[in-house]
Amino acid sequence: MSTEQSLSAAEAHLGRALALIYRVLPRLEEQARAADVQQGLRQALAAVEAARAAHEQQRITPLRSPRGDRVATGVTPEIAAVIAAAISVLFEQPYRLVSVQKVETPVPHLNVWALEGRTQLLQSHRIR
C-alpha cells in the first residue's frame with residue numbers, strides 16, 4: 001500500500017496546507033511577492049478548512065478496526081480512542097478493540113458521601 005493510499009482525506013488536506021505554507025515562508029520578507037504570499041496563504045487556509053470538513057465527516061462514520069472491521073460502539077470516537085490507548089498501555093501487546101459500550105450505573109441516585117460516612121461509622125466500632 002502506498003503512502004498516498006494510507007492517508008485519510010483530512011491528513012492529505014493538512015499535508016497540502018503544510019506544503020503550501022512551507023513554500024510561502026521564504027517569500028514573506030519579499031515585498032514584491034506579497035500577492036503570491038497572500039494567494040499561497042489563502043490556498044493553505046482552504047486546505048485546512050477542507051481538512052476540518054473531512055475530519056468532521058470521518059467522525060460521523062463508524063469506527064473501524066485496523067483490519068477494516070466495524071467496531072461496535074456506543075461512545076464518541078474520541079472516547080473510544082482513549083480507551084484503545086489505555087488498553088495498549090496496560091497490555092503492551094497487540095489487541096483488537098471489538099466493542100465499546102456505555103454501562104449505566106445501577107444506582108445513579110446513590111450519595112457516595114453518605115455511604116462513606118456510614119462506612120467510617122461502622123469501622124469505628126470495636127469488633128469483639
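A nonpolar surface patch is formed by Ile21, Leu25, Leu28 and Leu41 in this predicted model, with about 330 Å² of accessible area together (Shrake-Rupley method, 1.4 Å probe, only the protein chains shown counting as cover for residues). Leu41 lies in helix 3 (residues 34-60) and is partly exposed, at a relative accessible area of 36% (buried is under 20%, exposed over 50%, partly exposed in between; 1.4 Å probe, protein chains only).

The protein has five helices and two strands, in the sequence order α-α-α-β-α-β-α. Helices (H or I, at least four residues) and strands (E, at least two) are DSSP runs numbered from the N terminus. Helix 4 (residues 77-91) has 15 residues and reaches 21 Å from its first C-alpha to its last, close to the expected 21 Å (1.5 Å times one less than the number of residues).

Of the 128 residues, 15% are buried. The protein exposes about 10,900 Å², of which carbon and sulfur atoms supply 59%. Among contacts (heavy atoms within 4.5 Å) between residues at least 6 apart in sequence, 52% join residues at least 24 apart.

Residues are numbered from 1 along each chain as its sequence is written, and side-chain values use heavy atoms, with hydrogens and water left out. Local features need pLDDT of at least 70 and side-chain atom pairs count only at pLDDT 80 or more, whereas totals for chains, interfaces and linings use all residues.

Note on methods. Patches are made of residues with over 30% relative accessible area and no salt bridge: like charges are joined within 9 Å, nonpolar side chains (Val, Leu, Ile, Met, Phe, Trp, Tyr) within 5 Å. A salt bridge is a side-chain nitrogen of Lys or Arg within 4 Å of a carboxyl oxygen of Asp or Glu.
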